[in-house]
Amino acid sequence: MAELVMKLYEAAVKKVPNSEEYHSHLFMAYARVGEYKKMQQAGMALYKIVPKNPYYFWSVMSLVMQAISAQDEKLSKTMFLPLAERMVEKMVKEDKIEAEAEVQLYFMILERLGKYTEALEVVRGKLGEKLTSEVQSRENKCMSLYRKLDQWPECNALSRKLLLKNPDDWQFYLSYFDSVFHLIDEAWSPPEQGEHCTEGHVDSAVDQAIKFVEDRIAGEDSKDSRHLRGPYLARLELIKRLRQRSSSEERELGNPLDLMFEYFVKFGDKPCCITDLRIFVDLLEPDQYVQFINRLTETVPLSTQAEDALAQPADIKSLQRHLCVVQLSRLLGMHHSLDTEHKLHLIEELKARYLYGLKFGKSCLKTELQFSDMYCLLAAHVLVDFWKETGEERHLWQCLGLLEEGLSNSPSNAQFKLLLIIIYCRLGAFEPIVDLYSSLDAKHIQHDTIGYLVTRYAEPLGQFAAASQSCNFSLRFFHSNQKDTSEYIIQAYKYGAFEKIPEFIAFRNRLNNSLHFAQVRVERMLLDLFLEANILSSLEENVRSMGLCPEEDDIPWKEMQDNRDLTVLVSWDPKSRQLSEEDRWLSLEEEILWLRIRSLTLRLIATLATPSHPVEPKNSEKAAENGVASKNDTLHELLRQLEVALEGGKRFVERKVQYHFLGPPSTRLTSAFASGSCQCQASAFRLVVDVHDLDISGLDDTTEVQERLGNSFKDLIVQLKDIRNKCESDLFEIRDGQNKTKPAALENLVFFTETVCIILWVSSYCSCILRPLKSNLQKKKKKKKDANTPTPAIFTNYQEYISALQLLISEVLDHIKGLETNLTALKLDSLSLEDHTLSEAEKKFKKMVREKVQSSYQRSLQEMAELLKKRLDTVKGLKI
């Protein structure tokens, strides 16, 4: 469509060559498709007709975009960028620079050319006066250039000057400290006379930095009004840096424990206090943790209503202070070191504090969070710890009930929803996730950053309809990205926001190369085929409509971007228990391995469907002509790649990688190998190679191939039985009043269903080959009138294999029916198994949670049963 619009305006410009409107529309049409060279020409043509500065700089920016998009960096630096620089310099010399956007573009060009000194002159000169749209725009640009030029005295002096104006600007504290230590390392000393540098006074020693920070703090301490946090945090930052350098001068700033205590006294009633202090808790020694928490607790005003009652805060500020202390306790590992009895007591205390704190939020809107929500979340995290330590699932059920109760009081709490999503999925229940994720109201880029939490589980938990829906949500965002980004770029040209254009291009590329995008595309196509493609003819139709080409791999493996937000769930775990950088890399490695296996599986399925197999058998002479040989080559190559990928996957599984509970979820890789589905699917595809050989050579010279095929049919049934055996357990049982789930059985059922679909396409393919061969053999027998000629065993083997397949699917369907019956029976007696120690509210939410999980299991079983019934009907028709 965009190309047609482009051609339309090209024709319009030829008809009316002096039309400003048509020329500008042509430029924007080129911008939509990224025709940078044509944009440059269109911009200059427009400037010649109407000599306005914006049109001239459109052309200049198009040159910059040619430089950015050029494959050859040398070409960018020697041709495109220098030409753009000369074009701007011409306007500068003629004193025609009018707008800030034009100065920004000049700065961008010089920066990309590495001409930092010239860029600095522009910013500090007359042109720099136009940089007014952002606060401290000139200063920020100068700071960036000083760092690139290693002009640390200027960097220090400018940071110092800006901090004197605003002692709360954290970025300039970081620049100030960076520059001080660089100057110390370089043994820099100020000149004996005159200014230290062009920006003014320079601090180049530790004692000067200490004095500077303490002066800022003294200024804050002397104020009666609201204190700024920056100077107090800067003192802790300076201690941290001095400690990293093993400098004894850190003692001059004070004891970190006392300083953090002082910070808490001043700012403990602010929600940001915990995020400020957590950066510096490493400054405390392990033997100081208890002392630190006790000192903080003593300052929190709590009062008791009754003699044995829990001391509670009297107002919101006191509640916030106490909440900060509890969060710091967890961060210092004090929750994790408790014994069972004290942990149970902690959970009850946190629940009580949560319920008490609800009274402060009675006037809150539904869109606002309750002030005590974090108590509820902390209790949930302690319950998860309990489950990880003991393996007792009742803690997870209690956690679910607590979070559901929290969500009923605070319907907009995203952390409750995210944790509920993770726990429900761990229990194998996907149905509740649909509404939870929908209520998160994920916007735009969040479909890429947190979408993995949903798409990872939908299909493997048997919710095929929901899986299709969740894939659609993500794909809709990715597909609209191209159009949306083009609009952003056009608006950036219109309003002169040139520095944003490369950012929009980089953003578009980042999304196009997204790992999540590649995964969702592959999984959606596989899902569509599993659900819609019945026999080979419908598979061919589906593959054609998807535009799948097995020879082409359109996944950008080398440019793959992992855009997942793996820290989306809040965590107060100690550093040793948090997600590490190694975990991130392992997770990415696992995701790519699984994507490669799934992608190759999809392409192998597509190979079965293309090209269509004619009714008449082919002979070896015509093989290359009608495409069988090329198809066989593709099949061999893809099988080779799949075997390499499976070997890589197997090695990864053997490493037994475990991630943090709140970190990235594992892929289906481990469970796929454990179920045997990967191996079984690969065996099915290998069988196709032998069928090809039979097709090309005919029945007469393929005794060995036929024998191999017969053995392959038997092996497939054995492997499929092995997968079936791993599904044979109840999904949900209640023992001694406790719920126990076995979601692995559900996932194995899904693997069985997927594998059956693939085996049926292979079987359908086999019947397309064997049917005409058998028909021709019978015709020959009739012609020769020789009824005694033995029928090749391959036909009997195939019929026996189809019968065994039919029986196996029927058995699994019976098993699913049994599971459904058991689930229904559980509902009937669930009320009698309540824990009498629970409150009425807890009983209500515990019952609700169990019903949600049972309902989800039933839906999963129904969807799988429906699909398997259709495949059973298909098997019955696969006769030769």
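Axes in this tour are lines fitted to C-alpha atoms, for helices over the stretch in contact, and angles between N-to-C directions run from 0 to 180 degrees. Helices (H or I, at least four residues) and strands (E, at least two) are DSSP runs, numbered from the N terminus.

The model is predicted: local features need pLDDT of at least 70, side-chain atom pairs count only at pLDDT 80 or more, and totals for chains, interfaces and linings use all residues. Residues are numbered from 1 along each chain as its sequence is written, and side-chain values use heavy atoms, with hydrogens and water left out.

**Stop 1: the whole chain**

Start with everything shown. The chain has 35 helices and four strands, and its C-alpha trace spans about 120 × 90 × 50 Å along the principal axes. Of its 880 residues, 54% count as buried (buried means under 20% relative accessible area, exposed over 50%, partly exposed in between, with a 1.4 Å probe and protein chains only). Carbon and sulfur atoms hold 51% of the accessible surface, which comes to about 40300 Å² (Shrake-Rupley method, 1.4 Å probe; for residues, only the protein chains shown count as cover).

**Stop 2: helices 2 and 24**

Select residues 20-33, helix 2, and residues 464-494, helix 24. Their axes come within 9 Å and cross at roughly 140°. Helix 2 is therefore oblique to helix 24 (under 35 degrees counts as roughly parallel, over 145 as roughly antiparallel, 65 to 115 as roughly perpendicular, and the rest as oblique).

Now show side chains. Phe27, Met28, Ala31 and Arg32 of helix 2 make the contact with Ser486, Glu487, Ile490, Tyr493 and Lys494 of helix 24 (contact means heavy atoms within 4.5 Å). By class, five of these residues are nonpolar, one is polar and three are charged (Ala, Val, Leu, Ile, Met, Phe, Trp, Tyr, Cys and Pro count as nonpolar, Asp, Glu, Lys and Arg as charged, and the others, Gly among them, as polar).

**Stop 3: helices 17 and 18**

Select residues 340-357 for helix 17 and 373-390 for helix 18. These two pack at an angle of about 155°, with axes 8 Å apart, which makes helix 17 roughly antiparallel to helix 18. Their crossing is left-handed. Residues of helix 17 in the contact include Leu344, Ile347 and Leu350, and those of helix 18 include Ala379, Val382 and Phe386. The contact has 12 nonpolar residues, one polar and five charged.

**Stop 4: Gln312**

Select Gln312, in strand 2 (residues 312-313). Is Gln312 buried or exposed? Gln312 is buried, with a relative accessible area of 7%. Apart from neighbours within four places in sequence, its contacts are Leu302, Ser303, Ala352, Arg353 and Tyr356.

**Stop 5: helices 19 and 20**

Select residues 394-409, helix 19, and 414-426, helix 20. The axes lie 10 Å apart at an angle of about 150°, so the two helices are roughly antiparallel. Helix 19 passes helix 20 in a left-handed crossing. Among the residues in contact are Leu396, Leu400 and Leu403 of helix 19 and Phe416, Leu420 and Ile423 of helix 20.

**Stop 6: Gln398**

Stay in helix 19 and select Gln398. Gln398 is partly exposed, at 27% relative accessible area. Beyond neighbours within four places in sequence, Gln398 is in contact with Ile347, Glu348, Lys351 and Leu383. To finish, select Leu699 as well: Gln398 and Leu699 are 301 residues apart in sequence and 65 Å apart in space, C-alpha to C-alpha.

Technical notes
A crossing is left-handed if the near helix is turned anticlockwise from the far one by less than a right angle, and right-handed if clockwise.
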